[in-house]
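Open the model in your viewer and keep the selection tool at hand. The stops below are taken one at a time.

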Amino acid sequence: MPASIAKAGSSGSEIDPPNAMVDEKRRKRMISNRESARRSRMKRQKHMEDLVTEKSILERKIYEDKQKHVALWQRHFALESENKVLTDEKLKLAEYLKNLQQILASYNAIESDQDHLEVSDRFLNPWQVHGSVKSITASGMFKV
């Protein structure tokens, strides 16, 4: 039998020094490994918590961005509608201005023609009676 087995099986008060060193190293390594595993678990848990927090922040940002997008789309639609109304109004006003310019041009043409024409007073003042006026009497109409 090997000496270490014989001694290990003895009363136990005598411990083999090389095995005791190995056992002590193993025990320290196990404690170190447990502590390392605990730190690793804590680090992983912290990382997971950070990811969950980041996820909720990003979800909130997405929600806010969607709200902004909807608001901008509504504003865009309102501006397009307003632009269409203003464009239509511009076209109507341009047509109205064109008609006014034509009327003004016609008026100016007539006015310049009147400067060269002699127009009878009776056309300029139609409410005045010209020529001989015979008085109408009722004497001849009613005979008794």
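Is Leu100 buried, partly exposed or exposed? Select Leu100: its relative accessibility is 37%, so Leu100 counts as partly exposed (buried is under 20% relative accessible area, exposed over 50%, partly exposed in between, with a 1.4 Å probe and protein chains only). This is a predicted model, in which local features need pLDDT of at least 70 and side-chain atom pairs pLDDT 80 or more, while totals for chains, interfaces and linings use all residues. Residues are numbered from 1 along each chain as its sequence is written, and side-chain values use heavy atoms, without hydrogens and water.

Next, select residues 17–116, which are helix H2 and contain Leu100 (helices are DSSP runs of H or I, at least four residues, numbered from the N terminus).

Within the chain, select residues 23–61, which an unreviewed UniProt entry annotates as "domain: BZIP"; such annotations may be inferred rather than shown by experiment. The span is 100% helix, and its end C-alpha atoms lie 56 Å apart.

Now turn to the salt bridges, of which the whole structure has eight (a side-chain nitrogen of Lys or Arg within 4 Å of a carboxyl oxygen of Asp or Glu).

- Select Lys46 and Asp50: their closest N and O atoms are 3.2 Å apart. The two are four residues apart in helix H2, so about one helical turn separates them.
- Select Arg60 and Glu64, another salt bridge, with closest N and O atoms 3.2 Å apart.
- Select Lys61 and Asp65, whose side chains meet at 3.4 Å, N to O. Lys61 is partly exposed at 46% relative accessibility, and Asp65 is partly exposed at 34%.
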